[in-house]
Amino acid sequence: MRAPALTLIDLLTGYRVTQALYVAARLAIADRLAEGPQGSEELARATGADAGALRRLLRALVSFGVFAEEADGRFALTEVGALLRDEVPGSLRAGVIFYGDQRHWNAWAKLEQSVISGETVWGPRAAHAFFEMNAKDPEGAAIFNAAMTSLTSAFDGAVMVAYDFSRLRMLVDVGGGQGALISSVLRANPGLRGILFDIPPVIDGAKARVVAGGLGDRLELVAGDIFASVPPGGDAYLLKWIIHDWDDEHSLAILRNCHRAMTPGAQLLLVERVVPERIDPSADTQSTLLADLNMLLLTGGHERTSTEYRTLLGGAGFALARIVPTATPLSVIEGTRA
Ligand code: SAH
């Protein structure tokens with residue numbers, strides 16, 4: 001067993017890995033290695049980096065299995081490192097850029113402030129502050145929207161294996177971002193039509209992707225505000241990573257607007273991490289509870305337990321039918337409109 005002090009030191013210094021990955025992603029190292037191994041001199045010339053410093057960065061990432069070092073000292077991609085490539089299926093590069101970017105990084109530097117005040121790093125105004133800030137910062141918004149699209153790709157396959165969308169006719173993705181999940185679901189279920197609903201700038205940004213994805217006639221794009229209304233007509237309403245952004249009061253307002261748009265028997269599908277009632281150490285609960293701290297810092301939302309979801313759904317007129325686990329930390333929380 002690893003000595004407790006060494007275990008604690010590993011945990012303590014974990015933040016360094018985020019920046020090491022971020023720099024590798026920024027310098028597009030993985031794309032440069034896609035054609036085969038390269039030495040640090042060659043990579044340094046291509047990226048404008050210092051060869052010695054770049055070698056030190058890459059060796060550190062070799063120790064985490066992100067790259068491999070060949071016998072001749074050249075660096076190669078591993079299966080993990082290949083996910084840092086841009087514009088490949090399953091690419092997590094945009095997710096890495098989001099987590100390492102100064103905006104997110106600086107928010108985590110204020111964790112103590114949030115733990116003392118109980119408020120987000122922007123103050124008490126729930127997720128509104130986060131999305132308003134995005135509205136004033138197009139670069140930050142682009143980083144965020146691309147990250148959601150990128151990170152979703154790590155989960156959408158597992159969600160589709162765990163949940164049968166094939167019996168549905170019309171799926172509404174509420175706060176669906178650039179449409180990554182609903183596009184995958186529609187491609188896998190040719191009989192299904194969909195509506196992608198989000199705020200106007202996100203819908204504008206999603207248009208080109210949806211057209212490029214060849215779903216033009218089956219996926220309608222609607223811009224609006226979840227606190228005003230959501231589009232009617234779906235037999236299921238998908239909300240992935242929406243309710244966790246909000247406190248109970250705002251979550252209830254969103255869910256009641258879904259309820260109003262839905263006909264009796266229509267289904268509500270929340271795709272979220274579910275916090276266990278009692279926490280045992282495991283990789284899945286770690287990612288869930290660190291995501292909960294993300295919500296504390298950034299949006300004022302929460303990751304919730306199944307009991308909390310049942311209460312929340314009940315308050316908006318839904319019965320929690322079942323929670324369908326996936327092979328990832330995400331579950332599909334299915335509610336039925338009474
Ligand atoms: N469902 C996507 C995106 C989750 S991020 C995914 O899982 O990848 C939260 C989303 O909620 C963002 O796309 C954001 O633009 C959207 N959102 C935030 N406030 C909103 C509002 N008032 N009306 C509609 N959408 C909103």
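User: Why is E87 called exposed?

Analyst: Its relative accessible area is 70%. Exposed means over 50%, buried means under 20%, and partly exposed is in between (1.4 Å probe, protein chains only). So E87, at 70%, passes the exposed cut-off. Before we go on: this is a predicted model, where local features need pLDDT of at least 70, side-chain atom pairs count only at pLDDT 80 or more, and totals for chains, interfaces and linings use all residues. Residues are numbered from 1 along each chain as its sequence is written, and side-chain values use heavy atoms, with hydrogens and water left out.

User: Where does E87 sit, and what stands out about its phi?

Analyst: E87 is in the loop between β2 (75-77) and α6. Helices (H or I, at least four residues) and strands (E, at least two) are DSSP runs, numbered from the N terminus. Its phi is positive, about 55°, although E87 is not a glycine. A28 is another non-glycine with a positive phi of about 55°, and it sits in the loop between α2 (15-26) and α3 (29-32).

User: What makes A28 buried or exposed?

Analyst: A28 has a relative accessible area of 16%. That is under 20%, so A28 is buried.

User: How do you know that R93 is in contact with A28?

Analyst: Contact means heavy atoms within 4.5 Å. Leaving aside its neighbours within four places in sequence, R93 meets that test with several residues, including A25, R26, A28 and S150. R93 is found in helix α6 (residues 93-100), and at 16% relative accessibility it falls under the 20% line, so it counts as buried.

User: What makes D31 and R85 a salt bridge?

Analyst: The rule wants a side-chain nitrogen of Lys or Arg within 4 Å of a carboxyl oxygen of Asp or Glu. D31 and R85 come in at 3.5 Å, N to O, so they pass. The pair links distant parts of the chain: D31 is in helix α3 and R85 in the loop between β2 and α6, 54 residues apart. D31 is at 27% relative accessibility, so it counts as partly exposed, and R85, at 27%, gets that label too.

User: How many salt bridges does the rule give?

Analyst: The count comes to 13. One of them joins E334 and R167 at 3.9 Å, N to O. E334 is in strand β10 (residues 330-337), while R167 is in the loop between α11 (156-162) and β3 (170-174), 167 residues apart. E334 has a relative accessible area of 5%, so it is buried, whereas R167, at 45%, counts as partly exposed.

User: What are the domains, and how many salt bridges cross between them?

Analyst: Domain 1 spans 4-83 and domain 2 spans 93-337; the bounds come from an automatic or database domain assignment. Across the interface the rule finds 0 salt bridges.

User: How do you know how much area the domains bury between them?

Analyst: Buried area is the accessible area (1.4 Å probe) that two parts lose on being put together, summed over both. Here that gives about 740 Å², 65% of it on carbon and sulfur atoms. In domain 1, Q19, Y22 and A25 lose the most, together 56% of what that side buries.

User: Last one: what makes L12 exposed?

Analyst: L12 has a relative accessible area of 60%, which is over 50%, so it is exposed. You'll find L12 in helix α1 (residues 4-12).
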